[in-house]
Amino acid sequence: MDAVKIKDGIYWVGALDWNARTFHGYSTQRGITYNAYLLLDDKITLIDTVKNIFTDELLERISSVVDPKKIDVIVSNHVEMDHSGALPAMRAICPDAQIYASGPSGVKGLTSHYGDLGVLPVKTGDSIKLGKRTLEFVGTPMLHWPDNMVTWCPEERVLFSNDAFGQHYATTQRFDDQCPLGQVMDEAQKYYGNILMCYEKQAMAAWEAVSKLGPEIIAPSHGVCWRSHVKDILDAYGLWGTNEPTGGALVVYDSMWHSTEKMALTILEAFASAGVDGKLLDLKDNHISDIIPQVLTHRYIAVGSPTLNNNMMPTVASFLCYLRGLSPKNRKAFAFGSFGWGGQSIKQVEDELRACGFDIILEMSRINYIPKEGDLQELRRKVMEAVH
Ligand code: FEO
């Protein structure tokens, strides 16, 4: 396994986790990459490492360029173990290398995970000289951990952005223009929605700082590097970071005997009749982490559940719990569902939508047992009225 040249003297030395299908519950259907980068200068420098089980792969790729024992500097942009997992092994191989992380959060986090590795703290504005090149550090706290920072090489105009601008995307290619752009952007949107959406203020601050730098290459710690579509990904972050949807409606539901499903279809048709493009998402068939990137861009969210054991369906509860944690804002919402006797679920869904901070545009719609044609016509009328 060889290193891949990113620019003269800069190599990708990361690892490919082809068959990873989940990351903390986020479905990763295209696998995961853990990117680390090697800079050859007077001081040989490693930026980030990989998940610990891929340490051998990291070492093999570094060894294809230089003896890992010769590394002088290691920058840890982020404590999370998908990037720092191989740090103790690197410390053992090159005991004199200077490790840098953000201070105090990065140093504290690394020490808590691995003991004292002799990490030096850096902060925004600090820089180190490697020889011909410089590395400048920019703190991006809470994007998405307290310790996050990005590292900028001004001579090369390369930004090592860690989680920001990443995608969970395993590929033998290393650049955006070597892959279908739609796939890369879809994965970047999914990554932003599931990992960064709830930190939109921090994301906007980082986006402004990064935009001012004017990078030629953005080298994240997941997925491919951006070189031909730097403006596209910066523009996309600028849009997603506003937490302001562009339009459209999502009708998200689960159903037991198709009654709530009939309501969902009627609601979808009502949106369409009101001129709002909609999508129907059955929670039995759609992973919640695939719905979140759509929440990022849609203004209306209708959520439906029948009542099961005095509660909403577990699939709906899971979706709403996840949604609330990610804090989308500026959405309009309402709850609906069929019920047999108790019917508690619909109020529970509405309460959760309120707790998300959404504007409830229609009082919850409940239909007993099987919806009649008249029930559905009335539901359609109410939804169209609420949307107008
Ligand atoms: Fe990719 Fe927050 O770790």
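I began with contacts across the whole protein. Among those between residues at least 6 apart in sequence, 71% join residues at least 24 apart. I note that the model is a predicted one.

Next I looked up the secondary structure. I found 12 helices and 24 strands in the protein.

I then took the overall extent. The C-alpha trace spans about 80 × 40 × 35 Å along its principal axes.

For burial, I read that 57% of the 388 residues of the protein count as buried. The accessible surface of the protein comes to about 15600 Å². Carbon and sulfur atoms account for 52% of that surface.

I also looked up the charges. The protein has 37 positive and 47 negative side chains. The centres of these two sets lie 2 Å apart.

Where is P328 found? I placed P328 in the loop between α10, which covers 314–326, and β22, which covers 332–339.

Which residues is P328 in contact with, leaving aside its neighbours within four places in sequence? I listed M197, N243, V295, L323, C356 and F358.

Last, I checked P328 against D290. The two are 38 residues apart in sequence. In space I noted 15 Å between P328 and D290, C-alpha to C-alpha.

Methods:
Residues numbered from 1 in each chain as written. Predicted model: local features only at pLDDT ≥ 70, side-chain atom pairs only at ≥ 80, totals over all residues. Heavy atoms only, no water. Helix = DSSP H or I, 4+ residues; strand = E, 2+ residues; numbered from the N terminus. Contact = heavy atoms within 4.5 Å. Buried < 20%, exposed > 50% of the residue type's maximum accessible area, 1.4 Å probe, protein only. Areas by Shrake-Rupley, 256 points an atom, 1.4 Å probe, with all protein chains shown as cover. Lys, Arg positive; Asp, Glu negative; His and termini not counted. Charge placed at Lys NZ, Arg CZ, Asp CG, Glu CD.
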